[in-house]
Every structure is written in structure tokens, then in C-alpha cells.
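Have the 3D view open as you read.

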Amino acid sequence: MSTVAKTARFVWEQMKVNVLAAMEYRVSFLTQVVFMLLNDILLLFFWWVLFQRFDEVAGWQQHDVFLLYAMVAGTFGLASAIFGNTGRLSTIIAEGQLDYYLALPKDVWLNVLISRSSASAIGDFVFAFTLCIFLLGFSVQVLLAVLCMLIAAVLYTALVAMAHSLSFYLGNAEQIASLFSEAIMNFGLYPISIFSLTVRVLFFTVIPVAFISYVPVTLVRNFTWPLFALFLAATVLGVSLSRWVFYAGLRRYESGNLVAPRM
């Protein structure tokens, strides 16, 4: 079995364990999923109301904006369901809680990120998948949309993990990472054409929002191999940078000498 296949299997098995653990409290699990679905529907309602008065927004019609919303929601849902511990990385580093992961034979960076799942995030993905079927029908485009969400989720996770890894250097970068994460998601929910050229350049480089929202939507609407190759290259670069920042910072890590059972 190749390294990629082994890694994918490891991630899949860990996610199953996390979801089963969350489903131990089924009422709480289902409540979180349902409320996240309702939250997504209410936010989408805002755009529906807007398009009752305007035919398009900066060249984007209702169908395009709804697809954009589905892609971003699905990306966030998959990222939080698979890599649900990313948002705690700053705290884990700052409080010296990495010892448990350092003692395991698996890749530390990956193991930390996938060791927890967000139950409510499954509601985001269910919403996104349902909306894609509503917009695209039962077609191969839906499968392409899910693939793009998964790739974008990996890139989004890598970027947020990189921001959290600054805790190795700054002490606790939780606020910085939270702002960075929210900026990506909030800007990603708007058509990129409403922003100035300077901002668009930033969205393809410094804050690569375009690869989380605009590029996946464009691929689903009009797939081209060069753009897909650029999408994959940006993801590989993002993951490589994130891992480099994490492992470079790990040399500065100071153990908290915590002894605690992990359930």
C-alpha cells in the first residue's frame, strides 16, 4: 500500500472514531447538525432576498452565488469534520500538550489536526451537498464539487494550522489564527469580482481566499485542466509551508509535563 493510501486510510479511520464518539450523545449530535443546517439556510435566505431585487451582483447571478455559498460551506464542513482539532492547535502548543502526540509513531502535524471532529460541521457538508444537487442535478458536476471541496478543505486547514503554529514563536497565536480563519471564510462568501484588482491579487497570494471559493466554483462551472493543476499546486504549496512552519517551530517547543488520560 502506498504512503498516500496509508495516510488516507489513517485519516478515514480516525474520523470514524471521532464521529462515533460524538454520536455517543445522539441527541446532542443531531441537534448540532440540525441547527447548523438551519443557520446555513438562514444565511442563504439573505442572498435570496437580495436577488429578488437585483438580477446580478458584479456579474454573478443567483445560481452562481448559491454555488459559491455551497462550496464554501462544504469546504468548512469537511475541514472541521476531518481536521477538527485545528482550531485548538494554538492552545495545545502554548500549554505544552503536544507530548501525547510526540510519543506516537504517526506524523505529529497530521495526528494533532485529525484527533478531533466537529459534529456541527457535518451539518455544513450535508447542506452543501444538498444545495449542489439542487443546483447541478444528479450529475458528475456534483462529484467534482465534492472533490473540489475536499481539496479546498485541505488547503484551508493547512493555512489555518500555519497561523496557529505561530504559537511556537509568539507564545499564543490563537487570536491571530482565529482572525485569519474568519477572514478567509467571510471574504470567500462574496463574489470575487466585487473587490478591486489589488484585493484580488492579495486573494490569490497573501490571503489565498480565491483558492477556497472562486477557483473551486470556476472549476465546477467550467472545468479546465490548467486551472485544476494550479489548484492542486496551491494546495501542495500550502500544506508544505504549513508543515515547514510547524516542524521548524517544534524545535522550540517546551513540554508542559502534563500527565492526563486521553479518552
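A cavity is a set of points on a 1 Å grid over the protein atoms alone where a 1.4 Å probe fits but cannot get out. Points are joined across faces, edges and corners, and a volume is the space filled by probe spheres set on them. This is a predicted model, so local features need pLDDT of at least 70 and side-chain atom pairs 80 or more, while totals for chains, interfaces and linings use all residues. Residues are numbered from 1 along each chain, and side-chain values use heavy atoms, without hydrogens or water.

Searching the whole structure turns up 1 cavity of 30 Å³ or more. The largest cavity holds about 40 Å³ of space. Its lining residues (an atom within 4 Å of a point) include Leu68, Phe187 and Tyr214.

## Helices 8 and 10

Helices here are DSSP runs (H or I, at least four residues), numbered from the N terminus. Helix 8 (residues 140-164) packs against helix 10 (residues 174-188) at about 155 degrees, and their axes are 8 Å apart. Axes are lines fitted to C-alpha atoms over the stretch in contact, and angles run from 0 to 180 degrees between N-to-C directions. Helix 8 and helix 10 are therefore roughly antiparallel (over 145 degrees).

## Helices 3 and 8

Helix 3 (residues 62-82) and helix 8 cross at roughly 60 degrees, with axes coming within 8 Å.

Definitions and conventions: On a 1 Å grid over the protein atoms alone, a cavity is a set of points where a 1.4 Å probe fits but cannot get out, and a pocket is an open set with protein on both sides within 12 Å along at least five of seven lines; lining residues have an atom within 4 Å of a point. Helices (H or I, at least four residues) and strands (E, at least two) are DSSP runs, numbered from the N terminus. Angles under 35 degrees count as roughly parallel, over 145 as roughly antiparallel, 65 to 115 as roughly perpendicular and the rest as oblique.
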